[in-house]
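Let's walk through this one together, starting at the surface and ending with charges and rings. Have the viewer open as you read.

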Amino acid sequence: MGLILLIIGIIMLVTPGQGLISILLGLFLMEFPGKRQLELKLINHNLTFKTLNWLRFKANKPPFKR
């Protein structure tokens, strides 16, 4: 499933659609060496971290801590 989302996301980069979101979802569903480091790098990005905590606030969950 992850590989299919990755391929569809790459196609959507040049056609209308949410290509980047599909690529990220595909990568998170796949298993490959270095996946954990990639996830941590993406999540520790300031804008992503703030967005995740905002979503957790909306769901009445405690925020993530660094």
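Keep in mind that what you're looking at is a predicted model. The patch sits on the surface and is formed by L24, F28, L38, L42 and I43, which together have about 340 Å² of accessible area. Helix α3 spans 35–43 and α2 spans 19–29, and each of these two helices supplies at least two of the patch residues.

Now zoom in on I43, one of the patch members. I43 lies in helix α3. Its relative accessibility is 34%, so I43 counts as partly exposed, a class that runs between the 20% and 50% cut-offs.

K35 belongs to helix α3 too. Is K35 buried or exposed? Its relative accessible area is 12%, and because anything under 20% counts as buried, K35 is buried. As for what's around it, setting aside neighbours within four places in sequence, K35 is in contact with L27, F28 and M30. F28 is also part of the nonpolar patch.

On to the rings. How many aromatic pairs are there? The count comes to zero, with ring centres needing to lie within 6.5 Å to pair. Rings do turn up in another kind of arrangement, though: the charged end of R56 sits over the ring of F64, 4.3 Å from its centre. R66, meanwhile, lies over the face of F49, and there the distance to the ring centre is 4.0 Å.

Key
Residues are numbered from 1 along each chain as its sequence is written. This is a predicted model: local features need pLDDT of at least 70, side-chain atom pairs count only at pLDDT 80 or more; totals for chains, interfaces and linings use all residues. Side-chain values use heavy atoms; hydrogens and water are left out. Patches are made of residues with over 30% relative accessible area and no salt bridge: like charges are joined within 9 Å, nonpolar side chains (Val, Leu, Ile, Met, Phe, Trp, Tyr) within 5 Å. Accessible areas come from the Shrake-Rupley method with a 1.4 Å probe; for residues, only the protein chains shown count as cover. A salt bridge is a side-chain nitrogen of Lys or Arg within 4 Å of a carboxyl oxygen of Asp or Glu. Helices (H or I, at least four residues) and strands (E, at least two) are DSSP runs, numbered from the N terminus. Buried means under 20% relative accessible area, exposed over 50%, partly exposed in between (1.4 Å probe, protein chains only). Contact means heavy atoms within 4.5 Å. Rings of Phe, Tyr and Trp (its six-membered ring) pair if their centres lie within 6.5 Å; planes under 30 degrees apart count as stacked, over 60 as edge-to-face and the rest as tilted. A charge sits over a ring if NZ of Lys or CZ of Arg is within 6 Å of the ring centre and within 35 degrees of the ring normal.
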